[in-house]
Amino acid sequence: MPDTGPDAEPITFVMQCVTCDARCGVSGNADAGATWALAHLRNNPGHVRYREHITRPYKVEPGAWQ
């Protein structure tokens with residue numbers, strides 16, 4: 001299950017342009033990627049497809065699933 005403990009790594013987001021593989025910086029804010037994509041599109045009008053990469057930490061505790 002997702003690790004929501006106080007020592008868990010943060011959930012992070014990165015937006016990637018499918019056309020040229022450019023990426024924004026890693027952020028803890030999902031909206032930052034959308035903002036980056038719009039700016040990238042303004043500078044590159046043909047770049048209309050993007051991927052959002054989300055890293056969500058998980059923690060598995062032995063015996064917890066039984």
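This is a predicted model: local features need pLDDT of at least 70, side-chain atom pairs count only at pLDDT 80 or more; totals for chains, interfaces and linings use all residues.

Reply: Residues are numbered from 1 along each chain as its sequence is written, and side-chain values use heavy atoms, with hydrogens and water left out.

Me: What makes up the pattern of the protein, read along the sequence?

Reply: The pattern is β-α-β, and the protein holds one helix and two strands. Helices (H or I, at least four residues) and strands (E, at least two) are DSSP runs, numbered from the N terminus. Helix H1 covers residues 30-43, strand S1 residues 12-17 and strand S2 residues 50-55.

Me: How do you know that S1 and S2 pair, and in which sense?

Reply: Two strands pair if DSSP finds at least two bridges between them. S1 and S2 have six bridges, in the antiparallel sense, and therefore meet that definition. As one example, Val14 has His53 in S2 as its bridge partner.

Me: Why is Thr12 called buried?

Reply: Buried means under 20% relative accessible area, exposed means over 50%, and partly exposed lies in between (1.4 Å probe, protein chains only). Thr12 has a relative accessible area of 19%, so it is buried. Thr12 lies in S1, where six of six residues are buried. Thr12, Val14 and Gln16 point one way from this strand, and Phe13, Met15 and Cys17 point the other way.

Me: Which residues does Thr12 touch, leaving out those up to four places away in sequence?

Reply: Thr12 touches Val26, Ser27, His53, Ile54 and Thr55, where contact means heavy atoms within 4.5 Å.

Me: What makes Trp36 and Tyr50 an aromatic pair, and which kind of pair is it?

Reply: The structure holds one aromatic pair. Trp36 and Tyr50 form it, at 6.1 Å centre to centre and with 90 degrees between the planes. Rings of Phe, Tyr and Trp (its six-membered ring) pair if their centres lie within 6.5 Å; planes under 30 degrees apart count as stacked, over 60 as edge-to-face and the rest as tilted. The pair is therefore edge-to-face. It links distant parts of the chain, with Trp36 in H1 and Tyr50 in S2, 14 residues apart. Tyr50 has a relative accessible area of 23%, so it is partly exposed.

Me: How does the radius of gyration of the protein stand against that of a compact globule of 66 residues?

Reply: The protein has 16 Å, whereas such a globule would have a value near 11 Å. The radius is taken over C-alpha atoms, and the globule rule is 2.2 Å times the number of residues to the power 0.38. The C-alpha trace spans about 50 × 20 × 15 Å along its principal axes. Buried residues make up 21% of the 66 residues.
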